[in-house]
Amino acid sequence: MDKLASFPVAIPSETIEQIAAANDIVEVIGSYFSLKRAGANFKALCPFHQEKTPSFIVSPSRQTFHCFGCGAGGSVFRFVMEYEHVDFPSAARKLATRVGITTVEKRGAADEDRQYETRRKLLKLHAEAAQWFHENLIKREIGESARRYLKRRGITADIARHWQLGYAPDEWDAFGSWARAQSYDARELVVSGLVKTKDESDSPQNQTSNAKPQASYDRFRDRIMFPICNDVGEVIGFSGRLLKDEEGVAKYLNSPETPLFRKGNVLFGLHKSKRALIEANCAIVCEGQLDLISLFQAGIMNVVAPQGTAFTESQARILKRFVDEVILCFDSDAAGAKAAERSLDALLENDFIVRVVELPQGEDPDSLVRREGKEQFEKRVAKARDFFDYWIDQEIASTDLNSMGAKIQAARKLAGTVSRVHDPVLRGEVINKTSARLGVAPADFKSLLAKHSRASSSSVSSDSPETHVSPSPRHDIAILCLLALRDEPARNFLRAQKWREILDQVPDANILVRILESELQPDDAASLNAFMATLSPEEERLVSSWLMQKMPSATETVVEKWWEGISQGVVRRRLETAKNRIKLPGLSPGEVVNLQKQILDLQEQLHDFSRPIGGADTKS
Ligand SMILES: [Zn+2]
């Protein structure tokens with residue numbers, strides 16, 4: 001749901017229905033992997049969990065999918081969202097483009113309008129800027145030294161094209177004057193972060209032969225440009241590497257925070273590596289863009305690079321959507337070890353399995369994969385050590401275990417990190433390992449841990465962990481949902497009842513309310529898909545499972561029977577409450593009269609239920 005909220009515009013429901021109607025789900029899913037016919041449906045191995053026999057079913061008549069193994073399921077939109085890891089608007093646009101529908105997106109308030117406009121313009125500017133930098137590198141004379149540099153680093157023209165690498169010339173206003181000529185105004189350029197105003201504090205000393213800086217000047221000068229993309233592949237920022245290393249000047253420079261670019265929310269390379277990540281269920285994390293590109297080009301594709309040196313909480317959360325295991329592949333120097341350690345908190349908070357590849361001194365993934373090749377590198381990855389083994393070694397290497405004071409200090413420090421491990425099994429294992437290495441009793445080490453947990457528990461974020469298993473509502477509600485979704489007369493019957501009033505008093509009936517209040521048409525697959533687009537992923541899973549279930553026979557009797565059971569339960573509960581309240585001391589005569597009336601009325605209602613209902617679980 002956060003995916004929907006992050007996008008300031010909405011696609012009108014008519015368009016969603018139109019897109020659903022034009023995209024046959026069997027064709028769409030069949031374009032990703034092959035489906036086998038199984039009776040009226042199609043079957044495949046589920047792409048969302050590991051399995052040996054297919055339990056992933058696609059229904060051409062309902063235009064939905066459902067996996068009986070892991071419970072994944074929903075509309076054609078949900079499939080694209082989950083398979084491609086994109087948000088709803090992107091999935092809808094993708095499907096629209098597939099069948100040639102133009103999505104006219106309706107906007108909300110004026111403020112949202114403006115935000116949307118800013119975003120749209122910035123995306124356009126970034127796309128064009130990336131192309132301009134790229135052409136400097138590929139075909140202009142100005143890019144000669146950059147081309148030579150990349151060649152030395154083993155980056156071919158093909159690779160440069162594949163990653164749209166570029167070059168920002170060694171001039172104060174080359175980009176700015178090009179962009180103004182494309183009629184971008186000065187303010188937009190400053191907002192994009194590609195141009196800085198003169199009063200911003202980074203006026204470098206290295207004046208080139210060019211004229212004096214203008215009122216504004218290019219942020220990136222004489223740098224190899226790496227476009228940074230969001231996970232659907234749109235350029236949202238840049239990282240620029242200095243061409244000639246110079247003292248006092250940062251080797252890497254990133255775009256500043258802009259309305260498009262939040263450094264801590266982006267993983268470099270994700271738009272290209274996400275399929276490989278899902279397949280491997282493991283991400284190799286390296287520091288630099290060049291490391292990532294070299295690994296990727298060598299055929300090791302499950303790689304990402306955080307922008308900066310350590311993982312942020314939100315990067316970890318993004319990565320968790322794709323993999324359960326992370327292999328840190330940072331430089332072997334002290335900075336690399338620090339980065340590994342600083343990444344750990346965010347990773348542990350998200351229950352990753354974390355391992356570390358120890359690189360030989362003076363090597364980085366880029367140099368190593370070039371020298372040793374893919375297979376050797378993969379062997380190193382396979383041998384990656386559990387983070388805690390690596391880290392206990394690091395800590396203990398600098399501790400004099402004969403000194404009690406040093407030992408206690410090391411134990412305290414280790415306890416701080418161990419206390420962040422959520423998983424009880426892993427935690428127990430780490431406690432045993434650490435205490436054995438330190439030569440302290442596990443119980444003593446645990447007592448240090450308890451202090452830490454108490455100290456940190458107040459600061460732990462209240463984000464509830466994402467739950468993937470959604471409990472089905474109780475049986476009577478589930479049956480009515482199934483009927484209201486799929487059977488026109490049953491749906492009409494329910495909509496003619498006082499359903500809002502009754503369901504308001506029934507726990508977990510929210511999904512039934514959603515089904516009844518929507519305008520879906522049971523026999524129209526497109527309208528079902530459009531309805532599902534309004535649900536949370538958990539609700540959508542439930543709905544997709546109901547759509548695949550066998551229908552009960554004699555739906556009219558069934559719907560009446562279950563509805564009566566539910567309403568009777570509600571009336572009975574109200575009656576009980578009224579009877580209890582009238583016994584309370586201190587009621588005014590008016591209140592007593594009111595309650596008496598209520599009780600009579602409810603008793604009458606109860607009496608009106610024509611047939612006694614058996615079997616329905618309506619106890620409160
Ligand atoms: Zn599955």
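**Close-ups of a predicted model**

At 25% relative accessibility, Asp393 counts as partly exposed (buried is under 20% relative accessible area, exposed over 50%, partly exposed in between, with a 1.4 Å probe and protein chains only). This is a predicted model, so local features need pLDDT of at least 70 and side-chain atom pairs pLDDT 80 or more, while totals for chains, interfaces and linings use all residues. Residues are numbered from 1 along each chain as its sequence is written, and side-chain values use heavy atoms, leaving out hydrogens and water.

**View A. Asp393 and its partner Arg437.** Their side chains meet in a salt bridge at 2.6 Å, N to O (a side-chain nitrogen of Lys or Arg within 4 Å of a carboxyl oxygen of Asp or Glu). Arg437 sits in helix α18 (residues 424–438) and Asp393 in helix α16 (residues 387–397), 44 residues apart (helices are DSSP runs of H or I, at least four residues, and strands are E runs of at least two, numbered from the N terminus). Glu358 and Arg385 join this pair in one network of salt bridges that share partners.

**View B. Arg78 with Glu540.** The closest N and O atoms are 2.6 Å apart. Arg78 lies in helix α4 and Glu540 in helix α25, so the pair ties together parts 462 residues apart in sequence. Both residues are buried.

**View C. The zinc ion.** Cys46 (SG), His49 (ND1), Cys67 (SG) and Cys70 (SG) coordinate the zinc ion at 2.1 to 2.3 Å (donors are N, O and S atoms within 2.8 Å of the metal, or 3.2 Å for Na, K and Ca). Along the chain, the donors follow the spacing C-x2-H-x17-C-x2-C. Cys46 is buried at 6% relative accessibility, whereas Cys70 is partly exposed at 29%.
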